[in-house]
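Me: I'm new to this one and would like to go through it piece by piece. Could you take my questions as they come?

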Amino acid sequence: MEKPIPIDEEYLFDGRAIVSETDLDGVITFANRKFCEISGYSVEELIGQPHNIIRHPDMPKAGFEQMWKTIQSGSIWHGLVKNLRKDGRYYWVDTEVTPTYDTNGQVKGYMAARKPASRKNIEETAALYKKMLEQEQ
């Protein structure tokens, strides 16, 4: 699936939590109805895709490197993420990612729960991410 071309228009939302689950490689195995609604993708389009299908190019690689390091160590990661909708618009989410375990206590994947981010947190985080991106160039 091709990633959309980003446009500079925010998609605002409220309501229930956006929930998704992935396998150990970050491939989507579950997407709730709210995730489909907010991302603009159907559940059939999302299942089997890498979760980074919704990654906005304004997101610094270092942020995701830290997230992966944290969740692969068995800890919970929390942060703000700017995501890319199917139609090219973006949306900000306050995100928590946690490992999920099988019956033997082994990590089998990851679950992310997201809610709308506050305007204050978006402004602070966007400025930080911009600096991080400049350092990556």
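Me: Which residue in E2 is the bridge partner of Glu21?
Reply: In this predicted model, Glu21 has Phe30 as its bridge partner in E2.

Me: And how many bridges join those two strands, E1 and E2?
Reply: Strand E1, residues 18-22, and strand E2, residues 28-31, run antiparallel and are joined by three bridges. Five residues lie between the strands of this hairpin, and in it Gly26 takes a positive phi near 85°.

Me: Changing topic, how many aromatic pairs are there?
Reply: The count comes to three aromatic pairs. One of them is formed by Trp68 and Tyr110, whose ring centres are 5.5 Å apart and whose planes stand at 90°, so this pair is edge-to-face.

Me: Where in the chain do Trp68 and Tyr110 sit?
Reply: They come from distant parts of the chain, since Trp68 belongs to helix H3 (residues 61-72) and Tyr110 to strand E5 (residues 107-116), with 42 residues separating them.

Me: Is Tyr110 buried or exposed?
Reply: Tyr110 counts as buried because its relative accessibility is 6%, which falls under the 20% cut-off. Trp68, by contrast, has a relative accessibility of 24% and therefore counts as partly exposed.

Me: What about Trp92 and Tyr129, how are their rings arranged?
Reply: Those rings have their centres 6.2 Å apart and their planes at 20°, and because planes under 30 degrees apart count as stacked, that is the label for this pair. Trp92 is part of strand E4 (residues 90-101) while Tyr129 is part of helix H4 (residues 119-136), so the pair ties together parts 37 residues apart in sequence. Both Trp92 and Tyr129 are buried.

Me: Which ring does the charged end of Arg85 sit over?
Reply: The charged end of Arg85 sits over the ring of Tyr11, at 3.9 Å from the ring centre. There is also Arg114, which lies over the face of Phe35 at 4.7 Å from the centre of that ring.

Me: Phe35 again, then: which side chain reaches its backbone oxygen?
Reply: That is the side chain of Ser39, which reaches the backbone oxygen of Phe35 at 2.9 Å. Ser39 lies in helix H1, residues 33-39, and is buried, with a relative accessible area of 0%.

Me: And what does Ser39 touch, leaving out residues up to four places away in sequence?
Reply: With those left out, Ser39 touches Leu46, Ile54, Arg85, Lys86 and Tyr91. Arg85 has come up already, as the residue whose charged end sits over the ring of Tyr11.

Methods
Residues numbered from 1 in each chain as written. Predicted model: local features only at pLDDT ≥ 70, side-chain atom pairs only at ≥ 80, totals over all residues. Heavy atoms only, no water. Phe/Tyr/Trp six-rings, centres within 6.5 Å; stacked < 30°, edge-to-face > 60°. Helix = DSSP H or I, 4+ residues; strand = E, 2+ residues; numbered from the N terminus. Buried < 20%, exposed > 50% of the residue type's maximum accessible area, 1.4 Å probe, protein only. Lys NZ or Arg CZ within 6 Å of the ring centre and 35° of its normal. Polar contact = N/O pair within 3.5 Å; in protein donor to acceptor, adjacent residues only side chain to side chain. Contact = heavy atoms within 4.5 Å. Pairing = 2+ DSSP bridges.
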